Amino acid sequence: MLDGRTTLDLVIGFLGLLMIFAAIWSVLSKRLLSSVLLSGAVSLLASLVFLAVGAPDVAMTEAAIGSALTTMVFLYSLSRMKAEQDAHEDGGAS
Amino acid sequence: MVTPLAIFAAFLATGFLLPLADKLGRRVSATLFWALLAGFAGLAAYYLASFVAAPGTLEIYTGGFEPPLVIALRLGLEESAALAAVAAVALLAAFSMRKALHEAPVSGMMTFLMLVMGLSGLVLTRDLFNLFVFLEISGIAGYALLGFDDRRLAMSAAFKYMVAGGIASAAYLVGVIYLYRLTGTLNLDLMIGSAGLEGAAGAAAVFFVLAALLVELKPFPANGWAIDAYEAANPGLGALFSGAQATAMLFALYKVFPLLSDAHLAVVMWAGIVTFAFSNLVGLRQTATRRMFGYSSAGQVGFVAAALAFGARYVEGSDFAWLVAGGLLVNHLLAKTGLFLLSAAFESDGDGSMKGRPGTLVAAAAGVLVAALVGLPPFPAFWAKWDLVRVALATREYAFVALVGAGGLFEAWYLFSWLVRLVKGGADETPEAAPVPVLRVGADGVGPVLAALGIAALGGLSAWTRGFTDPLFWAPLAGGLLFLALDRLPGKLKALLATAAIAAFGYFALPSMSEFQKLFALMILGGGALHAFAGGYLTGRRAGHFPLYVMTVLSLGYALVAESALGFFMAWELMALGGYFLVLQGAKGRSASMIYLAFSIGGAFLMMAGLQLGGGLIGGAAPSPAALALVGLGLLAKLGAFGLHVWLPGAYAEAADDFSSFFSASLSKVAVFALMAALAVFGEALPGGELAWRVVGWVGILGAVLGALAAIFQEDAKYALAFSSMGQMGYVLAALAMRDQMGWTTALYLAATHFLYKGMMWLSVAGASLRTGTRTMYLMGGLIKRMPISFVSFLVGIIALSGVPPLTGFGGKWLLYHSLIAKGWYFEAAASFLASGIAFLYLYRMIHSIFLGQPKDEHRTVKEAPFWLVLPQLLLLVAVIAFSVFPRLILDPIMAVVGARYPAAGFAFEGQTLVSSLGYWNGLLTIVVVVVVFVLTFIWMVMNLRKPRLVKQFNIVFAAERPFRPETTHFAFDFFAPYRRALGFLVRGRSEKAWTAVAGLATSVAGAIRRLYTGNGQTYALHVVLYVGILYLFLGVR
Amino acid sequence: MSDVNIVTLIGVALLLVGFYGALSRPNVIKMIVGFAIADTGVNMIIVAVGYLPGRTAPILDSAADAAGAAARMVDPIPQALVLTAIVIGLAVTALMLSFAVRMRRSGGGMAIDSYGEQKW
Amino acid sequence: MMKKLLLLAAIALLAFALWPFVRDVGLAEPGELATAYLERGPAELGTANVVTSIVVSYRGFDTLGEVTVLFTATAGVGGLLARRKSGHGKKKAAERGATDASEILKTASRLLSPLLVLFGVYIFLHGHLTPGGGFQGGVVIATAVLIGLLADPEAGLAHGVMHVVEGLSGFAYVALGAVGLWFTGVQAGFLDPRFLPLGELGRLASAGAIPIIYSLVGLKVGAELTGILDAMKEDAE
Amino acid sequence: MEPSIPLRIAYAFASLAVITVYGLLLIGSMARISAKVQGRVGQPVWQPFIDIVKSSGKRNSISHGVMFWLGPVFRLAGGVGTYMFVPAVLGSVVFQNFSMSGDLLLVMYFIFFGQLGMALGASEGGHPYSAIGVSRGLAQMTAFEVPFALSIISIAVQYGTLDITKIVMAQQGGFLNWTLFTNPLAVVAAMIAFLGMSGHNPFSVVIAPQEIPIGPPTEYQSNLLGMLQTNRAVFNGAKLVLYMNLFFGGATNVPVMVVKTFLIYFVNIFVGQAFPRFRTDQAIRFFLGVPTLIGIAAVVLFAF
């Protein structure tokens, strides 16, 4: 009875569970870096789900923008934040 | 007709090319920037003009196919009006921000253009997802512009703004996609009425879209982030947010209305009106100007949304939305933009510290803007509020009307306090102490002045479209403007011109007046001309006095002849506004004028509600006790009846001397006229029936007793006269409450005679205080020798007021007691005996302390009061004497007028004797007997008087030591000390304490509510989500 | 109605977790991460509307294939909309992050409540 | 504690609000608008990828708006973060003691980024045929440049070139849209691609002006995202 | 048969002469009686006549200004005027005076005319004590006005008119239907008010005759003082006649009038001897206390 429809649901369900788990972990985690990376993972899994649903365009966009670029922007801003932190410690001008 | 797509093409092309142009030089990009803005404004004006000429709508399809497939735009009359508004505000704001824009990197100008394009997109698009895209464009452009300001404040405010914007757009997306899923299309026009909207999911989908738009409109209490944004933004940007962005967002909300069910509309209505009332309430506690404007903007936008939703729920056809919501919106738009630009020009950084004070023109513009925003005539919001309240009362939305009133009152309070700070400088009570330099603002002043002119023009237009075309209606405004133009002329010349203007108005208005109106016209317009002439008594220019004075008098004149309730109410509020500014001009008029304003606006709102309940038209209203009660309350507030009199002493005393005289002698009479007219129109039944009228009677009598009692203990002459006027008006109110021929004859007679003798007394005190430079009575004294005419006029005044027989006063007392006893109000009669006895006390005290007793050294060389004051006094004196000798001169017209209303002849004339059921009085014979007896005694005295020696001042029989200082021998300070010990406890100012407690309650509640805005961005986001959730609960979707 | 849309469930769950994250953690970056997750959740909901198991992506292989295309393919419109939504989500996140950096640079701490000088 | 409670209440309320969607809106056949797109898209515009036809032509106005959003965001981010340059001196990366890129990364990036750029161009050129399009292509190019930046932080970007590319592609995009408005005989529409021959479905040179528009979008998105990354990276000490 | 104007004036003078002579005699006799009560011999009964002749005969007088002169003129005109408006004897044309020009209210309010004039004249003199005296006098006046007004209202309700002649006519026919018996409460209130009005002890703080001479008459001597003393007689006479008419059945001929007014005045003096002097605020509190309650009772009795 595993006809085409339920398998797709199963796959998506599995991916969905994974995503929700990653999201919750990202929200609850203490370290900034891990939560940023996990949100990237959520986007990646989302693009997989989009692929499963039959939306290749969206999958590509989500993968490229959602996981790659957003995470990069987050990491850059994290490093900028740390830089400000150092600037503050050694009394740098800000 | 140029396709509106040209707007987007032009904006985008310029936007994309701006960085390149900037490479060539800032001048090039700046000119491109200004050219585009001007072009856009021109185009919008062209659209508006063409659609006004040929109404209709223009559907534009992008992408080459028909709507469901592609995105459609629509351009109609409403859209072009919104576009024009956005363009106008953008131009004004850009002009104000020009320095900031030029210094910032080119991306500042780019984002400004994108914001304007985003807003015009919001107005034009008919596709919901496209609406989302433009929502994002204007949002992001707004956040970026806010961020260009280097201060930390701006950064965090922008961040909070983005957080709230993010939540709103998430909600919008969810709503739109499910709307697509349920209705099968994204195009708004095809979506309307589709079956998909009925179910729970449909209602929820519409709700999410609605919630997003509502959050963007900054509803209370979820608008903490918005207030921070307003405070942090450069005022030009603040104007852009509160003017242009609010207009586009409101228009988007209006577009979505057809999708909304009645439950949705109710949510919008209540969310909007709650925002209006509570934002303004919290505004009470604000001192930082831009934060205050933030609250005011949030409140006003909420009000427009509420009006729109109200119209959609209760009124068919779009003209209500167009007239009311449109009126309110354009009013808010221009006024708020002007105020923001003013704050930019005059305040260093919005924390209320002033860079300088505006010149007369800009100050006038500031006054116009604040008055317009508060909804005073003749500006658009006034007419819009009138229609809104009418429909609200017709549909029994009483809570709605109450919130409208409360919000308006709070807003008036803090806006006018700001205006006073702006115009009269920061120093509280002593403007002379720190003369803040008058700032020649030049370019920065242009924005507000333009906005003020625009709003005045629109106000005039909306009045014209409401059918007010007769010249008398426009006379007050024209007069005010004319004298504003003539403000440079010397004071005395303006006084003559003002007298002529008022007389001319009287000449034109008189033929169309009935007997009843003529009587009051004599008091009001006659008094107005008289006091206009007296206005010349000061030297110098008296800047700002005459325009306001002429406007107030002429608006009073129009109030007499107004046919429609709206015309009357407009004149009523105009007169209150003029009175406020005139009291403000007094030396210490600041707090007194604020209290007066609060009572006037509160009373006027009650009256508006009453007039509306009563059917609105003075002519054809059906008798309704509720209407009479409300209108009555408003009038009692203006009359200064006991309990509502707290504003009266301060307002009468602190205004300029000649206006105080007009205020007390003539202006209070219009309340009597209105009360009589209201009784004629709304019938005589009060909700409480006969008992209620008895209570009104007692309110009047109590006012008389306690007014007189308070007057005894005053050291300041003007305060004593003010309390005395309050007392006299108490008698008139009691007489009116009797509602029969005898009562109304008494009321009219008392009102007319009060006008005569109180005018004389005020002007005489004005002369005395002008010459001696002080108003405190015990510092004056012995002026009879230097100012004999003022003394005679004051003497005749007190004889007339106290009711001592030969003069008119006794007629008033006689009529009062006979009507009271005939009516069966015995204890009221006894109380008025006590009151007239007490009146005797303060009259004697005033004439003794000012004119008799010991003259002070510095007053030895004082001259008589200037001719400008003396002539009016003499005229009034002649009138009093004439009416004393021939009482019929004044009683016949009065009894004719009252006879028309109450045919039963309580009083009647037999020859010269006035007869009532209880007794008779022959005025002529009385005065003849008195004069003969007086002359005979005088002759007897002169015969026996041999060689009288005029002794010097201190040659008096004094126990042992010789007095040498006038200060120690002029007994005037705390004149009635024994009386204070006996009855002082009655006038311990309980009503003042009561009303201050009420004000204190309002400010403390405001203080408590504003704790909500903790400054933490996350909390604000939480408020937004909670607000959306709670609204959803109100919707009640299962 | 047993055919509950699994993708919508996931989307709603992500949205709620995202908002919870954004509103609970005082750290500015954590808030923005929360919003990013919420955005992904919303995108998921949008795509979920067009989800129909057993249907292929709306891309034709060749002209001949166009005949019975409508019966075999998934609804293309949500996909077109979500494309724009994702890019807008990136733009908003980028701008928020740059504001966070500038706030940090202007002396504020990492936590949102250190920027509370504007209140009442 | 109070805030926690309120937060949970808010989330619960939101869930309750979303519940009707989850409960009532199940799976359904594509609506008649969707079927219209599926049938008329390839026929009228000659595009194999129906989503692209919607994104570029049917709802082209959205995409134009969307590009503007990105453009405004870039301007915003640039304005906010780039200011630092005019602030005070830019410290050299070395002085800041940033770890130097490892050898592997350098050589791999030298190899990989041209390939990635080529792949990006391929994506937005075939937007109307295969999945993906302007946005996806632009992002790939941006990642290509990103890898280059990661490998060698010193290699400053040619800002001038970038701005010109961005400006011109945007301007060209709008120009094409305007052209669509005035030139075609049939009921013309802004951003209507049919002023070029539709060509045969499935071939590269088909679907009128859609490929050109989409590649312009690709270039612009690529340039803008690079701008954002560059601004972000700009002076990460 | 309305008498012609000159004849009416002649009658007025005659009636005035009668009341003045009677008034002076009344004051003289009262002074004598109170002296007897206090164990003194007291001044001769015609002493007031001597005082007036002496002060009018003074060779020169001093003046502080126009108003100073007009004070006594106002005062005397007030006294005479009050008398003119009260019909002294019912039915007789001579004593009808000019009461047709106004009813009871005119008389009540004309009492103030004299006081006002006197107050102005005195304060023109500049003497602080006169101002203090006026302040006390006016304060006390407002207080005793209340019971007096209440009794007037009670009568007005009882007889349904304020016309003095009608009131007197209503009390004719035996002393049983005098107001004293038909409306005793009103009479009590009025009599207490009369104490305050006449300024005898306990309400004599206004002119405080025993202590230093303060109050309005301080500055006046010579003929001005003479006029004041004349006025004292006429004014008291007028008030007595008024009280007689309102409360004690009026008079149909002069002897009845003389007897009744004498007795009324006697009651006044009799009470005056037995009390120390009230301070002003005590007087005010006193009048607004019990007398006012009595007045209210009088009105309630007839009103409902």
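**Figure 1. The P377(B)–P378(B) peptide bond.** P378(B) sits in a loop of chain B that runs between α15 (360-374) and α16 (380-394). This view, like the others, is taken from a predicted model. The peptide bond joining P377(B) to P378(B) is cis, and its omega is about -15°.

**Figure 2. The F220(B)–P221(B) peptide bond.** A cis peptide bond leads from F220(B) to P221(B), with omega near -5°. P221(B) belongs to the loop of chain B between α9 (200-216) and α10 (224-232).

**Figure 3. R542(B) and its surroundings.** R542(B) has a positive phi, near 50°, although the residue is not a glycine. The loop that holds R542(B) lies between α21 (515-534) and α22 (545-561) of chain B. Is R542(B) buried or exposed? R542(B) counts as buried because 22 other C-beta atoms lie within 10 Å, and the cut-off for a buried residue is 20 or more.

**Figure 4. R739(B) and its surroundings.** The loop between α29 (717-738) and α30 (741-772) of chain B contains R739(B). Phi of R739(B) is near 50°, a positive value in a residue other than glycine. R739(B) has 18 C-beta neighbours inside 10 Å and therefore counts as partly exposed; a residue would need 20 or more to be buried, and 12 or fewer to be exposed.

**Figure 5. The largest nonpolar core.** This core has 705 residues. Within the core, the residues with the most contacts are V86(B), L250(B) and L369(B) from chain B, together with L95(C) from chain C. Helix α7 (residues 152-183) of chain B gives the core its largest share, 22 residues. In soluble globular proteins, nonpolar side chains tend to be buried together.

**Figure 6. Contacts of L250(B).** L250(B) is one of the residues with the most contacts inside the largest nonpolar core. Leaving out residues up to four places away in sequence, L250(B) touches L217(B), V301(B), V304(B), A305(B), L308(B) and L329(B).

**Figure 7. The contact between chain D and chain C.** Chain D brings 41 residues to this contact and chain C brings 40 residues. On the side of chain D that touches chain C, the elements giving two or more residues are α1 (2-24), α2 (32-45), α3 (50-58) and α4 (60-87) of chain D. The largest share of that side, ten residues, comes from α4(D). Sorted by class, the side of chain D that touches chain C consists of 31 nonpolar, six polar and four charged residues.

**Figure 8. The fold of chain C.** Chain C has four helices and zero strands, in the order α-α-α-α along the sequence. Its C-alpha atoms fill a box of roughly 65 × 35 × 20 Å along the principal axes. The radius of gyration of chain C is 20 Å, whereas a compact globule of 120 residues would have one near 14 Å. Of the 120 residues in chain C, 70% are buried. Where contacts in chain C join residues at least 6 apart in sequence, 61% of them link residues at least 24 apart.

**Figure 9. The fold of chain B.** Chain B contains 40 helices and six strands. Along the principal axes, the C-alpha atoms of chain B fill a box of roughly 115 × 60 × 50 Å. The radius of gyration of chain B, 32 Å, agrees with a compact globule of 1038 residues, because such a globule would have a value near 31 Å. Buried residues account for 66% of the 1038 residues of chain B. Among contacts in chain B with a separation of 6 or more, 80% are between residues 24 or more positions apart.

Notes. Residues are numbered from 1 along each chain as its sequence is written. Chains are lettered from A and ligands numbered from 1 in the order in which they are written. The radius of gyration is taken over C-alpha atoms; the globule rule is 2.2 Å times the number of residues to the power 0.38. Two residues are in contact if their C-beta atoms, placed from the backbone, lie within 7 Å. A nonpolar core is a set of buried Ala, Val, Leu, Ile, Met, Phe, Trp, Tyr and Cys residues joined through C-beta atoms within 7 Å. Ala, Val, Leu, Ile, Met, Phe, Trp, Tyr, Cys and Pro count as nonpolar, Asp, Glu, Lys and Arg as charged, and the others, Gly among them, as polar.
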